[in-house]
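The entries follow the order in which I looked things up.

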Amino acid sequence: MIIRRPPDIRASEITPKSVYLRRREFLGGAAALGVAAALPFGPAWAALTAAKSPFSTDEPQTPLKDVTSYNNFYEFGTDKDDPAKNAHTLTTTPWKIKADGLIDKPAEYDLDDLIKDIALEERIYRMRCVEGWSMVIPWVGIPLASVLKRLEPQSSAKYVAFETLVRPSEMPGQKGLFQALPWPYVEGLRLDEAMHPLTILAIGLYGEKLPNQNGAPVRLVVPWKYGFKSIKSIVRISLTDSQPKISWEVANAREYGFYSNVNPDVSHPRWSQATERRIGGSTGGLGGLFAKRHPTLIFNGYGDQVAKLYDGMDLKKNF
Ligand SMILES: Nc1nc2c(c(=O)[nH]1)N[C@H]1C(S)=C(S)[C@@H](COP(=O)(O)O)O[C@H]1N2
Ligand SMILES: [Mo]
């Protein structure tokens, strides 16, 4: 267990006291998790202080137990309950992110330095998986734009590419004969999508640090796109001038495209995307295993804010 002090001490000199205290909890909690990793939300789990963003939905939130036990994270297995069973093996401190490509500040950053002094926000977002289920998740994160600005993109940069960790010793899905995807898991966004105020890097949910199965310590969240764009456990961010490869398109280009905008009018080749089932116990609202399917909205309901990004584009061709 390592509690890294130097970044902390520097932060205390330049940040308001409340933010400084919250950062200390974040680092302290990360160290404590070394022991409590098998218990995803034990008392050692550090609280994150975040102001609720006006971008949040007020729909009923998916219960924490569903958010943390019904996951896609193929590095830990392909069944929905595999990540919750297996992801405790992942060590997330220290965590380095390599930033490279068309930026003026390329480096291998410590995560804490990369996000230092950027105010945490709670963003309650609808999330929609290409498989036809949806959740409402109270993320804690920061605008991706704030981090990208820190990296100083060059004028030739047009896309952002992301990579997940490759560490077979801690990721059982990366070992053995059957591996679901080529590793690393990769994703990408056009630079204007990446800079959009709805696009965040999440480091927590339900006011606590991210559980490993949800992509600890840092993952992408793009609420108007299918869930697979939300790449987890990010270790590399690269700015490029050509459209980056994305894992699901490499695996099956006929079924998955680069844009992956939620769109009820464009069917997946094997099933319709017109409706969805809201995951979530028996807490009322739209939820419940046997709940009726309800209509999926274009851009997952975020069209007012994002439709203009795609003006003049044929969304049936660019799916
Ligand atoms: N590295 C990595 N990121 C990933 C995946 C994955 O298998 N590996 N699955 C994606 C898919 S298909 C979905 S729906 C979301 C699920 O995020 P959640 O488990 O936090 O709901 O993570 C995405 N990010
Ligand atoms: Mo997904």
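The entries below run from the whole chain to the ligand and then to one residue.

Entry 1, the chain. I note at the outset that this is a predicted model. I looked up the secondary structure and found nine helices and 13 strands in the protein chain. The chain has 319 residues, and 54% of them count as buried.

I asked where ligand 1 sits. Ligand 1 is in the largest pocket. I listed its surroundings: 16 residues, the closest being N71, Y74, E75, S230 and K232. I then went through polar atom pairs. N71 places a polar side-chain atom 2.8 Å from an oxygen atom of ligand 1. R219 also has a polar side-chain atom by an oxygen atom of ligand 1, at 2.9 Å. At N72 a polar backbone atom is involved, 3.2 Å from a nitrogen atom of ligand 1. On its own, ligand 1 has 530 Å² of accessible area, and the protein covers 96% of that.

I located N263 in the loop between α8 (247-251) and β12 (275-278). Is N263 buried or exposed? Its relative accessible area is 8%, so N263 is buried. Leaving out residues up to four places away in sequence, I found that N263 touches Y226, Q273, I298 and L315.

Notes: Residues are numbered from 1 along each chain as its sequence is written. Chains are lettered from A and ligands numbered from 1 in the order in which they are written. This is a predicted model: local features need pLDDT of at least 70, side-chain atom pairs count only at pLDDT 80 or more; totals for chains, interfaces and linings use all residues. Side-chain values use heavy atoms; hydrogens and water are left out. Helices (H or I, at least four residues) and strands (E, at least two) are DSSP runs, numbered from the N terminus. Buried means under 20% relative accessible area, exposed over 50%, partly exposed in between (1.4 Å probe, protein chains only). Contact means heavy atoms within 4.5 Å. A residue is near a molecule or strand if one of its heavy atoms lies within 4 Å of it. A polar contact is a pair of N or O atoms within 3.5 Å; within protein, one must be able to donate a hydrogen and the other to accept it, and residues adjacent in sequence count only if both atoms are side-chain atoms. Accessible areas come from the Shrake-Rupley method with a 1.4 Å probe; for residues, only the protein chains shown count as cover. On a 1 Å grid over the protein atoms alone, a cavity is a set of points where a 1.4 Å probe fits but cannot get out, and a pocket is an open set with protein on both sides within 12 Å along at least five of seven lines; lining residues have an atom within 4 Å of a point. A molecule sits in a cavity or pocket if more than half of its atoms lie within 2 Å of its grid points.
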